[in-house]
Amino acid sequence: MSKKYNWAILGCGNIAEKFSTELKMLPNANLYATASRNLENAQRFANKFDFEKAFGSYLEMVKDPNVDIVYVATPHNFHLEHTLLCLNHKKAVLCEKAFAINTKEVEQMIAASKENNTFLMEAFWVIFRPKYLKIQEIITSENLGKLKFVKSDFMFNGDYNPQNRLYNVDLGGGSLLDIGIYSIFTALMFLGSPDEIKTLAHFSPTGSEESISMLFGYKNGATAVLTSSFDSEYKNESELCFERGIIKYDRFSKDPILLIKDKKTTKIPFENGPNMGYQFEAIHVMECLDKNLIESPILPLSLSLKLMNILDAVRKDAGIIFPNHD
């Protein structure tokens with residue numbers, strides 16, 4: 001049985017609400033503290049999810065000796081600053097994706113984790129969900145041959161609002177870091193880092209990229225076609241096309257996985273678990289801490305660095321610039 005850990009939330013926004021809803025389900029996770037730059041917001045959040053304390057300062061929270069793990073849920077542009085703050089106060093960190101704005105920042109975060117001998121992991125929660133584990137099982141158990149083609153999309157039609165963080169370049173706005181990262185992660189996990197990248201991006205009036213299509217090429221002949229967008233509706237599906245079969249799945253729904261082989265389609269169910277599945281990454285973080293690890297063996301920091309390297313290459317090809325960081 002894992003020991004009980006005091007969790008703290010840094011940044012009390014929408015994603016933190018989703019995470020906290022599922023964190024409450026875990027018997028060894030104590031909802032201990034929330035922090036916002038506005039004490040009223042932190043207290044409101046704490047009251048809603050039954051956290052013990054609320055702080056109107058991030059520094060004040062990380063100075064609390066009882067905090068064990070901090071979930072960093074602020075916008076992308078603050079991830080470096082807030083992660084370093086936590087690590088330098090010896091607090092284990094689960095930081096939302098995108099991990100940071102660029103490779104240089106991720107390298108600083110990794111260096112701080114090692115210097116402080118303190119746990120750090122990117123909150124790429126999908127890798128811990130039962131659906132992903134089932135897909136890995138299918139790939140291992142079925143004789144599908146080599147993976148030759150990956151198609152992965154994440155799109156939704158959001159109302160354009162120049163004040164929204166999704167369209168604010170200063171906050172790392174744009175579909176790429178917010179949702180395109182899921183499609184890229186899919187290609188990275190199943191095909192590895194690409195050898196060639198081509199992109200086509202469209203920009204909003206604020207200068208943020210609101211949709212992007214990406215073509216990844218690999219020396220072994222494999223290809224990935226990836227898309228993210230804030231301005232069109234589409235199913236958030238991925239297809240893995242092998243020499244002798246296809247695996248097709250929706251990233252977030254509870255729909256069964258489709259295995260297409262020998263011209264027959266088989267629906268493969270899986271144990272989804274309750275809610276969205278954010279609790280699985282929290283479970284893993286606590287298991288790592290039980291073992292005194294400072295990084296995850298399933299989602300190592302080297303993998304997050306590879307992912308950010310690809311994001312940087314995509315941005316370079318597409319002309320996506322964050323002036324305060326690049």
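I count two strands as paired if DSSP finds at least two bridges between them. The model I am reading is predicted.

**Entry: the sheet**

I looked up the strand order first. The sheet is open, has six strands and runs E3-E2-E1-E4-E5-E6, with parallel pairing. Which strands stand at the edges? I found strand E3 (53–55) and strand E6 (120–123) there. Each has a single partner strand, so one side of each lacks a neighbour in the sheet. I also noted the twist, which averages 25° from one strand to the next.

**Entry: E1, E4 and a helix**

Next I checked one pair. Strand E1, residues 5–10, pairs with E4 in the parallel sense over four bridges. I picked out isoleucine 9, whose bridge partner in E4 is tyrosine 71. Then I turned to helix H1 (residues 14–23), which packs on the sheet. H1 touches E1, strand E2 (29–35), E4 and strand E5 (92–96). The direction of H1 makes about 165° with that of E1.

**Entry: asparagine 77**

I moved on to the loop between strand E4 (69–72) and helix H4 (79–87), where asparagine 77 lies. Is asparagine 77 buried or exposed? Its relative accessibility is 12%. Buried means under 20%, so asparagine 77 counts as buried.

I then listed what asparagine 77 touches, leaving out residues up to four places away in sequence. The contacts are Ile101, Asp170, Leu171, Gly172 and His325. I looked again at aspartate 170: the side chain of asparagine 77 reaches the backbone oxygen of that residue at 3.3 Å.

Methods:
Residues numbered from 1 in each chain as written. Predicted model: local features only at pLDDT ≥ 70, side-chain atom pairs only at ≥ 80, totals over all residues. Heavy atoms only, no water. Helix = DSSP H or I, 4+ residues; strand = E, 2+ residues; numbered from the N terminus. Buried < 20%, exposed > 50% of the residue type's maximum accessible area, 1.4 Å probe, protein only. Polar contact = N/O pair within 3.5 Å; in protein donor to acceptor, adjacent residues only side chain to side chain. Contact = heavy atoms within 4.5 Å. Axes fitted to C-alpha atoms, helices over the stretch in contact; angles between N-to-C directions.
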